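Notebook open, model loaded. I want to look up a few spots and jot down what I find.

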Amino acid sequence: MNFFAKIANNLVHSENLAYTAIRSTISAQFSGWLDFATAFAMFSWVGLRPVYATAIGAVVGGLSNCFINYKFTYPNQACAWNIVIIKFFMVWLGAVLLNSFGTQLLYGLLTKWTFLAEIGFKPDGYFTAARLSTALIVSVFWIFLLQKNFVYKQVSFDKYAEKISDFLFPSILKQKSKNF
């Protein structure tokens, strides 16, 4: 196997922490751009307030991130998909709230800095700066840590997540499998 084929194979299949981190970064990058593009479109083109635009972007980005992580980033974890969905939703809901209200708060602060307007900042620029800054903080200190150590790993909470999924989706989960 040549050098590049070996790296590609390791990138897709290796359990090594470095390759897992690369896969996680790829998934987060794709989902983050999809989230940001959706939020920006909702703010700039549809005219929604930053809190709503950010929440919609987070829904779109979160769904893509969950699926990509389950199939690509952590494909060999023993966690069943129904348990992953419950745990992902919990972490994702926290991220939506942190991103939405953090963006709104930072946007409000930035609009009060008159020197930004004097150097040419517009509402789109305030929103972009607030959204990117908040997203960076939330992605490192909330999402990454909880996905790595909670969502895609078997933990003691899984028995409760299974009960929650059985309660919420009883007909869908008659045959539980690892298939998404």
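Which helix does phenylalanine 30 lie in? I looked it up in this predicted model, and phenylalanine 30 is in helix H2.

Helices H2 (17–46) and H3 each give two or more residues to the patch, and H3 gives the most, with four.

Then I went inside. The largest nonpolar core has 17 residues. Among those with the most contacts inside it I noted Cys66, Tyr70, Trp92 and Tyr152. Helices H3 (50–73), H4 (81–111) and H6 (123–151) each supply at least two of the core's residues. H4 has the largest share, eight residues. Apart from this core I found another one of nine residues, including Phe43 and Tyr107.

Skipping residues up to four places away in sequence, it touches Asn65, Cys66, Val84, Phe88 and Gln147, among others. Tyr74 is on that list too.

Last stop: lysine 148, in helix H6. Leaving aside neighbours within four places, I found lysine 148 in contact with Leu17, Tyr74 and Lys153. Lysine 148 and tyrosine 74 are 74 residues apart along the chain, yet their C-alpha atoms are separated by 9.2 Å. With a relative accessible area of 28%, lysine 148 is partly exposed.

Terms used: Residues numbered from 1 in each chain as written. Predicted model: local features only at pLDDT ≥ 70, side-chain atom pairs only at ≥ 80, totals over all residues. Heavy atoms only, no water. Core = buried A, V, L, I, M, F, W, Y, C linked by side-chain atoms within 4.5 Å. Buried < 20%, exposed > 50% of the residue type's maximum accessible area, 1.4 Å probe, protein only. Contact = heavy atoms within 4.5 Å.
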